[in-house]
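Subject: Handover of a structure

Dear colleague,

Please find below the structure that I am handing over to you. My notes on what was found in it follow directly after it.

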Amino acid sequence: MSPDPIAEGVLMVDAGTTQNFSSLLRENRVFAPNAEFAAKAHVKSEAEYEAMYRKSVEEPEAFWGEAAGELEWFEPWETVLEGTFPEPKWFVGGKLNLSHNCVDRHALGARRDAVALLWEGEPGEIRKITYGELLVEVQKFANVLKGLGVQRGDRVAIYMGMCPELAIALLACARIGAIHSVVFGGFAAHAISDRVNDSGCVVVLTQDTSHRRGSEIRLKAIVDEAMEKCSTVRNVVVFQRSGSPVNMVPGRDLWWHEEIAKASATCEPEWMDAEDPLFILYTSGTTGKPKGLVHTTGGYSVGTYLTTKYVFDLRDEDVYWCTADIGWITGHSYVVYGPLQCGATVLLYEGAPNWPENDRFWKIVDAHKVSVFYTAPTAIRAFIKWGDQYVKGHSLDSLRLLGTVGEPINPEAWMWFYQEIGKERCPIVDTYWQTETGMHMIAPVPGAVATKPGSATKPFFGVVAEVVTKEGELVPLGQGGLLVVRKPWPAMARTIYGDHARFVEAYFSEVPGSYFAGDGARRDEDGYFWLMGRVDDVINVSGHRLGTMEIESALVAHAKVAEAAVVGRPDEMKGQAIAAFVTLEEGNEPSEALKQELRQWVAKEIGALARPDDLRFTQMLPKTRSGKIMRRLLRELATTGTVSGDTTTLEDFGVLAKLKDGEE
Ligand code: 6R9
């Protein structure tokens with residue numbers, strides 16, 4: 001059985017060091033929008049896109065005001081945009097509720113009997129929940145939360161697998177104004193307790209177990225372990241997915257089904273201010289502590305709605321499938337909030353792409369007539385490796401649009417996706433964005449913008465993106481630089497929970513007056529953007545971000561480890577792999593057993609996706625005279641086995657010689 005690239009974690013490219021980048025420089029294929037697709041699309045031509053883009057940046061208030069007007073507001077806003085970076089406010093004075101726009105608006109309208117959530121469990125069960133039914137479920141669960149004393153502004157942690165109840169949990173929080181903080185189900189107990197404590201969550205929602213690759217992930221047991229360190233949590237509500245036995249703590253733990261059976265089916269949505277927090281989602285940065293990014297209600301609703309409408313060209317009759325887990329920003333914006341606001345049928349799949357066979361995804365596409373399919377380059381590379389025989393025999397006729405997210409896509413993978421899955425009929429939207437941006441930032445509007453394999457193409461409406469030097473000067477076309485955004489956009493995160501100074505410092509201090517979130521890019525002569533990977537110490541696991549510092553902190557927390565340095569190295573299959581260099585405390589000897597113990601330790605501390613692929617023991621780490629670990633050297637060493645270039649600031653040349661020799 002091949003490894004599961006999503007669960008195991010596959011890393012992204014690192015600026016300038018990969019084959020990916022060099023192949024991108026040679027890429028010159030262009031695919032004009034498919035005429036048949038364009039004829040029916042929301043935006044039908046390049047001229048139309050250009051005119052809309054121009055309006056969106058020249059008259060942002062008019063543009064975004066119109067977009068917001070497509071949603072329902074309890075009270076209209078007074079000002080579309082007030083202030084600018086780092087504290088813009090959108091739709092000031094407006095009141096709305098995102099669960100109302102995702103559910104009620106359709107349930108009380110023409111989409112009442114249309115399927116909102118179409119779920120397939122890994123063992124094969126199928127559930128269909130219409131918009132009308134979803135409205136009942138969301139209201140009931142919102143009342144369960146209220147019954148537990150959860151109030152507007154309280155934080156609720158969610159640690160679940162992919163099932164309808166997870167989406168219901170998010171919507172129920174949004175309905176009563178509770179701030180959800182979803183922790184990806186692949187993270188370990190530590191990651192849960194850190195996040196729960198950082199924002200003081202009062203309730204945790206989980207489930208007994210979730211199915212993945214034929215086995216069960218014991219989510220509730222992991223929550224129990226985390227709760228030993230969480231004093232703010234009053235209750236844990238457990239959804240019964242599999243019926244596997246779990247430990248229920250009297251007075252703290254409650255069964256989802258028992259609570260829901262007692263709950264009333266009416267719960268009026270809270271009227272939220274546009275700038276009220278909607279959720280917190282943690283992501284990795286350049287320090288050891290993940291950042292709790294805070295998204296607010298109005299701007300996030302409008303940004304995710306409009307990008308879903310235009311980038312996926314979404315319409316009512318679509319069966320839309322984004323394979324991301326709801327635990328990541330992609331799942332928040334483009335499994336739950338964007339597509340439900342658009343009234344589409346959203347497919348949720350619980351398990352792995354290669355269970356029971358490598359063709360599970362294609363079976364799902366055919367069985368449910370999926371029309372829009374959004375996945376990660378790392379998954380596409382896995383499909384290629386598994387072989388075309390798993391695709392053949394599936395018609396895939398229902399597909400009309402394909403999308404990718406999470407990391408730069410190499411042109412070879414793009415072409416395979418285009419030919420083998422899209423049969424040269426489906427446009428591909430390569431969408432560049434981040435947890436911080438909340439919504440797509442650079443992505444083609446299909447039907448209007450021609451695509452080039454490996455390029456995320458042009459900015460979305462209202463997004464003023466540029467490639468600049470550290471001083472903020474534009475770099476000439478064709479040259480690499482820092483990707484910045486010059487003007488605020490509605491769905492941008494507003495702060496880091498409990499640490500606004502860190503928010504300002506992390507995103508608005510690098511390039512004066514601009515938002516910078518750590519990616520390198522270049523623009524070609526047509527104005528297309530080519531993302532070149534992170535320029536900071538963030539590495540990306542299956543399009544999932546991890547800070548090198550986070551993994552280093554986990555390693556150093558082991559009693560036998562003195563110091564650790566972690567870098568990403570390119571890996572043909574995975575995109576990038578994690579390489580760790582470790583020095584041991586006095587009295588400990590390197591051994592194969594200790595190596596495995598440390599790899600396992602990281603998996604236990606953070607989650608399987610952070611487990612180092614390589615781990616090398618060394619007597620010292622190469623440092624500059626000022627004491628900084630020379631990551632560039634380690635990266636080169638991990639990649640090529642040798643080191644070239646300038647090492648004049650290296651503290652101890654002997655260290656390098658020892659590392660080169662692979663001394664253990
Ligand atoms: C949505 C998401 C964000 C980082 C981002 C960048 C990389 C995402 C990309 C892409 C090139 C794309 N990234 N999409 N790079 N092309 N289409 O992935 O959010 O987990 O916060 O990661 O992912 O490096 O900075 P998040």
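Which residue in β15 is the bridge partner of leucine 281? The bridge partner is leucine 293.

Before the details, two remarks on the source are needed. This is a predicted model, in which local features need pLDDT of at least 70 and side-chain atom pairs count only at pLDDT 80 or more, while totals for chains, interfaces and linings use all residues. Residues are numbered from 1 along each chain as its sequence is written, and side-chain values use heavy atoms, with hydrogens and water left out.

Strand β15 and its partners

Helices (H or I, at least four residues) and strands (E, at least two) are DSSP runs, numbered from the N terminus. Two strands are said to pair if DSSP finds at least two bridges between them. Strand β14 (residues 277-283) pairs with β15 in the antiparallel sense, over six bridges. β15 also pairs in the antiparallel sense with strand β23 (residues 495-496), over two bridges. In β23, isoleucine 496 stands opposite leucine 293.

Strand β15 covers residues 291-296, and six of its six residues are buried (buried means under 20% relative accessible area, exposed over 50%, and partly exposed in between, with a 1.4 Å probe and protein chains only). Lys291, Leu293 and His295 point one way from the strand, whereas Gly292, Val294 and Thr296 point the other way.

Positions annotated in UniProt

An unreviewed UniProt entry places the feature "binding site" at Arg212, Arg213, Gly214, Ser215, Thr330, Asn354 and Ser542. These positions span 331 residues in sequence, and their farthest two C-alpha atoms are 25.0 Å apart, so they do not all gather at one spot. UniProt positions are given in the numbering used here, feature names are shortened, and annotations may be inferred rather than shown by experiment.

Arginine 212 lies in strand β9 (residues 210-212) and is buried, with a relative accessible area of 18%. Glycine 214 is found in the loop between β9 and β10 (215-217) and counts as partly exposed, at 47% relative accessibility. Apart from neighbours within four places in sequence, glycine 214 is in contact (heavy atoms within 4.5 Å) with Glu122 and Trp355.

Serine 395

Serine 395 lies in the loop between α15 (377-386) and β19 (401-405). Is serine 395 buried or partly exposed? Serine 395 counts as partly exposed because its relative accessibility is 38%. Leaving aside neighbours within four places in sequence, serine 395 is in contact with Asp366 and Lys423.

Yours sincerely
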